[in-house]
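I opened the model to look up its charged side chains. My notes follow the structure.

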Amino acid sequence: MPAAPDRILIVEDEQLVALDLEGTLRDLGYQIAGHAATADEAVAIANREQPDLVLMDVNLGGGDDGITAAGRIRKERDVPIIFVTAYDDETTLIRAQISEPYGFILKPYQPREIRACIRMALYHHVMQRERARIKQELSDALAENRVLQGLLTICGQCRKIDDRENGWVSLERYVELHSLAKFSHGLCPTCAKAYLDDFHRQTRTPLPPT
């Protein structure tokens, strides 16, 4: 079953530009998640519709500009945002960079610019989320594999360890309490030979030649 088209929120206060951008996106195979003309509308629609990407005009009427709106949206949702603007002055660029956008498109734009920028932004976002997932899994795995460290007091006679939380416990019990290790039991070659020697002495069965 083919994947559903990505849904894009358009934030643009000029109606004709918004309609043109909407037509371009539909021609490129994207769905429109909504159209906002102000920062407040953009935040509300982004929270309600949960788009896969936001195309954000920098200069918006009626309150906050697009850069501020992008920051408000990013606080609520992990969604890639691309700025679309006619302004490329140093102040605008610096403010836009701080908001960590996934792209910056200058007007007038070409459809191929829109297509390339959106595809790269969506791909980059997926890769970021995948890296975050792997990092979290690694962190969880490291947290589970606790490491024994520090100075341990061991009885010279019975070989038990002084565990301040659980009293004097055997080495086996201490390791089980402070790690994920579990034990199975057997005999090492030295102990196995000693056991067999003792067994044969008690039963007076001569040992086979070695």
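This is a predicted model: local features need pLDDT of at least 70, side-chain atom pairs count only at pLDDT 80 or more; totals for chains, interfaces and linings use all residues.

**Notes on charged residues**

Numbering runs from 1 along each chain as its sequence is written, and side-chain values use heavy atoms, without hydrogens and water.

I placed D163 in strand β6 (residues 161-163); strands (E, at least two residues) and helices (H or I, at least four) are DSSP runs numbered from the N terminus. D163 is buried but has no salt bridge, and R173, the nearest side chain of opposite charge, is 7.5 Å away. Buried means under 20% relative accessible area, exposed over 50%, partly exposed in between (1.4 Å probe, protein chains only). For charge, Lys and Arg count as positive, Asp and Glu as negative, and His and the chain ends are not counted.

How many salt bridges does the whole structure hold? I found nine, a salt bridge being a side-chain nitrogen of Lys or Arg within 4 Å of a carboxyl oxygen of Asp or Glu.

I looked up E49 and R7, whose closest N and O atoms are 3.1 Å apart in a salt bridge. E49 is in helix α2 and R7 in strand β1, 42 residues apart. A salt-bridge network links R7, R48 and E49.

Last, I checked D65, which forms a salt bridge with R95 at 2.7 Å between the closest N and O atoms. D65 is buried at 18% relative accessible area, whereas R95 is partly exposed at 34%.
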